[in-house]
Amino acid sequence: MTTLCPKGCVSEWDDWCSVCGDRLGADAPAGSAGGTSASASPDPAWVPVAAAAPDPSEAAAAASAAIPDGRPCPHCGEIAYPDDVFCESCGYDFASGTLPVIVEAASPDVTPAADPDPALTPAVTPSLMVTVAVDADFFAATTADVELSLPEPIPDTVDVTLTASRNLVGRHSESRGILPEIDVEAITDDPGVSSRHLMLERSSSGTWTFTDLGSTNGTYLSAEATADPITAGAALPVGDGLSLWLGAWTRLDLSVDEASAD
Amino acid sequence: MADFSADVFQNEYLPAGGDTLDAVITVTSGANVSAAGSKQLVEVIIIDVSGSMNEDRGAKIQAAKVATMAAVDTLDDGVEFAIIAGTDRAHQLYPRNGLAVADAGTRREAKDTIQRVRADGGTAIGTWLQLAAQLHRTRPDAISHSILLTDGKNQHEPHHVLQASIDACIGLFQCDCRGLGTDWNVDEMRLVADALLGTVDIIPRPEDMEAEFRALISSAMKREVANVALRLWSPKGAQMEFLKQVSPTIEDMTGKGLPVNPLTNDYPLGAWSPGESRDYHLRVKIPAGGVGDERLGARVMLAINDEAEPIALVRAIWTDDENLSTRINREVAHYTGQAELAEAIHDGLAARAGGDEESATMKLGRAVQIAHETGNVASARLLEKVVDVDDPEAGTVRLKRNVAAEDEMALDVRSTRTVRVGKQGS
């Protein structure tokens, strides 16, 4: 069982992050009132504390509750699919109730360096490096019983650098007009990836997040067969060295490149 | 899983930008500690029978024989044991090879053999340890203990051979080292004892040896769980400044960590008896957080044979309240003082030996002051044999002109013994 910490590390524990040590949820024990000693025994009576720490599962619950069920988009009136997170027509975010920020949606071929006035660009715009690979172990552990087989030869790993603030990961669909920034099927030939599978977004403060868009087969934080998929619609932070598994045999290795922050 | 518990003493409040956490962790074993693993004790007694043991008209070798026979008598039935006689090479005295199982017959045979020993030859401690390691290696799951007695320096082998022999013994057995008289080398014995999780002490007079050996065997037989380790997790980016055992004695464990994973290390603690309690002082540097942040600085686990259970948490909370962040925890302050005391004694004696009377007076004066403040009566008494104390509160002392070698060695070797908070006399 793994938990995602507010910084985006994959934690083995649910009280404190097993990577960065940050507090997770309210399961951590309270310190003594005097602040001078704390005691723990093999079976401690955990005392919940009213923690201010953000809890990803709360955000996830709020988000999934906000997904409309075959009703029209409140912004443009387009009928939404039952498990849609964004309006397919106008990009309205059902979870947060906001429209995509058009100003930032510069075409990908305009590099930040070409910006005539550097003062107008956000202070921090780290790019996101994504390595798209075929993970045979993941396939063997999870999907091998389905009538599918790995492509032969195994396609090469592809590195993609994302500089735009919103990037769709999925499968290209001419008929529905879906053109993902990372077209997984074209790289790994994976039929288990949804057309609109995952959104990789950079906030105005420069933080990268990933959101499963209610994909059919889910997105996983572990290649193990016992892992649970992440909650659809919840924007989760991208931590250092994060890997995501999706579809039948695709692994994404994500790393934020702070060096490009200029 | 065995029955261990822990108390953590720390000030978890750090100022903005603060990154250093200090904590004293008291680990206590419960009554049912033996539930995990074997209780079989293997005892290998190593006795120096070099030529120098004939000094004092044979009093030393005679006392060593009496003490070793007493040790054999103290062994419970069923304990596996062996006796090694050490000179410039190691010679297995009893049984001829392998280990004997203690009963009335083997105890009598062992004592007969000890009676016939004659002292002759040099001192090569590394070879003795190698033979002991060979015997202990045959019982990897047992509680493996040795006593090493010497009266002299390691003269008949190069230092690197001793060091390599010690390294080869690490993790195989624990070794308590005893020096008879004043011709042995404290640093050499400390090297052995530190690496092999044992104690060092001086036996000034041959007639004290019997009681000491009985006590060592009795305490070894109380041990019920072997191969205990303190397993410490710290967050990514953290740095272990130090980990010391601070009670009952000060032992630096910082370099002894064995990696379990990139964020976790095991620090071997040796064997434990039920109801034992030891204190550890941990200082760890962690990535600083912002005011209001909370972070785990260390998760303390107890591992036995790779089974681990968490026993304590060391936490950090960043605050802008200086009343909280500037507080110094009482236990941490106390053991910081005990560590300074040990260091002041060591440095003071070294300065004295080097003829630097001014530094020696200053350091030993500071030691007297701390011993007085913290109620370390044992250290205070030992110090009084080396210096004349004018004012213990101010740390004003004068070096004594004539100091017995055994008093100086006793102070050196026992300087690492600490007292606990709340037990100070006045």
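Predicted model: local features only at pLDDT ≥ 70, side-chain atom pairs only at ≥ 80, totals over all residues.
**A walk through chains A and B**

With 20 C-beta neighbours inside 10 Å, Leu197(B) counts as buried, because the cut-off for a buried residue is 20 or more. You will find Leu197(B) in the loop that runs between helix H5 (186–195) and strand S10 (200–203) of chain B.

S8(A) pairs with strand S9 in the antiparallel sense, over five bridges. One pair to pick out on screen is Leu198(A), which stands opposite Asp212(A) in S9(A). The hairpin of S8(A) and S9(A) has five residues between the strands, and Gly206(A) takes a positive phi near 95° there.

What about the surroundings of strand S9? This strand spans residues 208–212 of chain A, and four of its five residues are buried, so S9(A) is largely enclosed by the rest of the structure. S9(A) also pairs with strand S11 (residues 235–237) of chain A: three bridges join the two, and they run antiparallel. Here Phe210(A) stands opposite Leu236(A) in S11(A).

Another part of chain A is an open sheet of five strands, in the order S5-S4-S13-S12-S10, with antiparallel pairing. Its edges are strand S5 (158–162) and strand S10 (219–220), each of which pairs on one side only. Further inside that order, five bridges join strand S12 (residues 242–246) to strand S13 (residues 250–257), and this pair of chain A runs antiparallel.

The peptide bond from Glu152(A) to Pro153(A) is cis, with omega near -5°. Pro153(A) lies in the loop between helix H2 (136–142) and S5 of chain A.

Chain B has eleven helices and 20 strands. Of its 426 residues, 50% are buried. If you take the contacts in chain B between residues at least 6 apart in sequence, 75% of them join residues at least 24 apart.

One sheet in chain B is open and has six strands, ordered S2-S18-S17-S11-S15-S14, and its pairing is mixed. Strand S2 (13–14) and strand S14 (258–261) stand at the edges with a single partner strand each, so one side of each is left without a neighbour in the sheet. The partner of S2(B) is strand S18 (residues 307–318), and the two pair in the parallel sense over two bridges. Tyr13(B) has Ile317(B) as its bridge partner in S18(B).

Chain B also has a cis peptide bond, which runs from Tyr94(B) to Pro95(B) and has omega near -20°. Pro95(B) sits in the loop between strand S6 (90–94) and strand S7 (100–101) of chain B.

The last stop is a helix pair in chain B. How do helix H1 (residues 55–74) and helix H6 (residues 209–222) of chain B cross? Their axes come within 8 Å and cross at roughly 30°. That makes H1(B) roughly parallel to H6(B), because angles under 35 degrees count as roughly parallel. The crossing of H1(B) and H6(B) is right-handed.

Which residues of H1(B) and H6(B) meet? On the H1(B) side they include Ala63(B), Ala64(B), Ala67(B), Ala70(B) and Ala71(B), along with Val66(B), Thr68(B) and Thr74(B). They meet residues of H6(B) that include Met209(B), Glu210(B), Phe213(B), Arg214(B), Ile217(B) and Ser218(B). The residues of this contact between H1(B) and H6(B) divide into nine nonpolar, three polar and two charged.

Terms used. Residues numbered from 1 in each chain as written. Chains lettered and ligands numbered in written order. Pairing = 2+ DSSP bridges. Axes fitted to C-alpha atoms, helices over the stretch in contact; angles between N-to-C directions. Parallel < 35°, antiparallel > 145°, perpendicular 65-115°, else oblique. Left-handed = near helix turned anticlockwise from the far one by under 90°. Contact = placed C-beta atoms within 7 Å. Nonpolar A, V, L, I, M, F, W, Y, C, P; charged D, E, K, R; others polar. Buried ≥ 20, exposed ≤ 12 C-beta atoms within 10 Å, placed from the backbone.
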